[in-house]
Amino acid sequence: MSEVFGSIWWLLVTLGLLITFHEFGHFVVARKLGVRVLRFSVGFGRPLWSRRGADGTEYAIAAFPLGGYVKMLDEREGEVPAAQLDQAFNRKPVGSRVAIVAAGPVFNLVFAVLAFWLMFLVGIPESRPLIGSVSGIAAAAGIEPGDVIVAVDDRDARTWSHAILELIAYALDREPVDVTVENASGERSRHRLDLAGLKPDFSEENTLEAIGVEPWRLVVPAVVGSVAVGSPADQAGIQPGDRIVAIAGEDMTDWSSIGFQVQSHGRADEPLPVTVERAGMEIQLEVRPRKESSGLFSSRLILGVTNAEISAEQRAALERAAIVLRLGPLEGLAAAFTETWRLTGSTLGLLGRMITGSASVKNLSGPISIAQFANSSAAAGLSQFLFFLGAISLSLGILNLLPIPVLDGGHLLYYLIELVKGSPVSEQAQIAGQYLGLIALAGLMGLAFVNDILRLVG
């Protein structure tokens, strides 16, 4: 239940912050271009607090914190005094209206750059694309276990996320792609992946598997290194050097499976069957896990044990695979722009392929998935949450630029038509467009919500 509350909380924080910043873009540019802003509200619904500024704008915080809005003086929404007609939005030149409407998505892009910049300043843990095993297309291309992907079609692939985003595009188009790898000795080689050989039922979420690449992961034996004094494990009789064989009857393949099984089968202060191997003999024990807070709205069950030391070979591989990237202000800003450009290209490419049918609409995510990602990224640390904020802000900016009436992109489309024909789009056409836009938006939101549900039950 705490995870649910945490997901809801971080969803509200994320969307509230990003949508408010989006609306702030409209607000700032409208004021600069001489449009009178009647209200700037953080949140929707009944105002919990409001104050009228010296500029005549009412600033409010409303009851429902999911976003915000800017209300401008406009003859289409009410009577405007003759003395204020020059401050009405609808009386401004089309170029000014374009700037005001476009400012929201542009501010989302600016927010993304700032979030990525701060992420690089703080330092972000990254997983380099170290390959664990190969088969199929990758093996035929000469790629070997232990290689690190450093570039896809001459574009840097610093992390698994970068490598996968680049590979997905070529896989969906069934186009060959050159991949540059680096072996443990630092030697680089170039290999061509023949992606025309992908199966017809290939799904983009399984790109690596379809290509025949399995990421390297650290496999730590389920051997206890130390036991905290007075912990549930200590009280149950677990000792350093014990190998945990099973929990609640489930075999333990490695250390990473222990935490999952404890959370799945354990209950706070209730007996949990644990089988350990000691001196060649299996011993049945009962451990009573303890609940421990692990974040603002989350908790976990603990046994009070740590794993044994990993081997020198594993440590060397881990040092190749895991890095913390921390950059200075100027270098970080350049990297932030590069990250924004990379994600923008990937997002637009995926949207285009979904429209043409070459990519699955299952890639659309709704509020449930966003809430889960928000909670997990916040739990992972500041840099991960900053990346999440930047990525979602970028997605909101791109979404709002789609030429769908009711979105900013739809209004920009109307203004483009006005520029071409020399007169505004008729009110009847705008109303019809609003209805079509609402239907299209409701369809997208419904599809995203269905995808969320399928992910939960899948």
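Which residue is the bridge partner of V152 in β6? Keep that question in mind as you explore this predicted model.

Stop 1: Select β5, residues 148-152, together with β6. These two strands pair in the antiparallel sense over two bridges, and here is your answer: R155 in β6 is the bridge partner of V152. Now widen the selection to the four strands of this open sheet, which run in the order β6-β5-β7-β8 with antiparallel pairing. At the edges you will find β6 (155-156) and β8 (188-193), each pairing on one side only.

**Stop 2: aromatic rings.** The structure holds eleven aromatic pairs. Show F21 and F111 first: their ring centres are 5.2 Å apart and their planes stand at 65°, so this pair is edge-to-face. F21 sits in helix α1 (residues 2-32) and F111 in helix α2 (residues 94-122), 90 residues apart in the chain. F21 is partly exposed at 23% relative accessible area, while F111 counts as buried at 12%.

Next, pick F27 and Y59, another edge-to-face pair, with centres 6.0 Å apart and planes at 75°. This one links helix α1 to strand β2 (residues 58-72). F27 is buried, with a relative accessible area of 8%.

**Stop 3: helix α7.** Select residues 256-265 and colour the buried ones: S257, I258, Q261 and V262. They lie on the same side of α7 because they cover an arc of only 135° around the axis. That buried set packs against β11, β12, β13 and β16.

Notes
Residues numbered from 1 in each chain as written. Predicted model: local features only at pLDDT ≥ 70, side-chain atom pairs only at ≥ 80, totals over all residues. Heavy atoms only, no water. Buried < 20%, exposed > 50% of the residue type's maximum accessible area, 1.4 Å probe, protein only. Arc of directions from axis to C-beta. Contact = heavy atoms within 4.5 Å. Pairing = 2+ DSSP bridges. Phe/Tyr/Trp six-rings, centres within 6.5 Å; stacked < 30°, edge-to-face > 60°.
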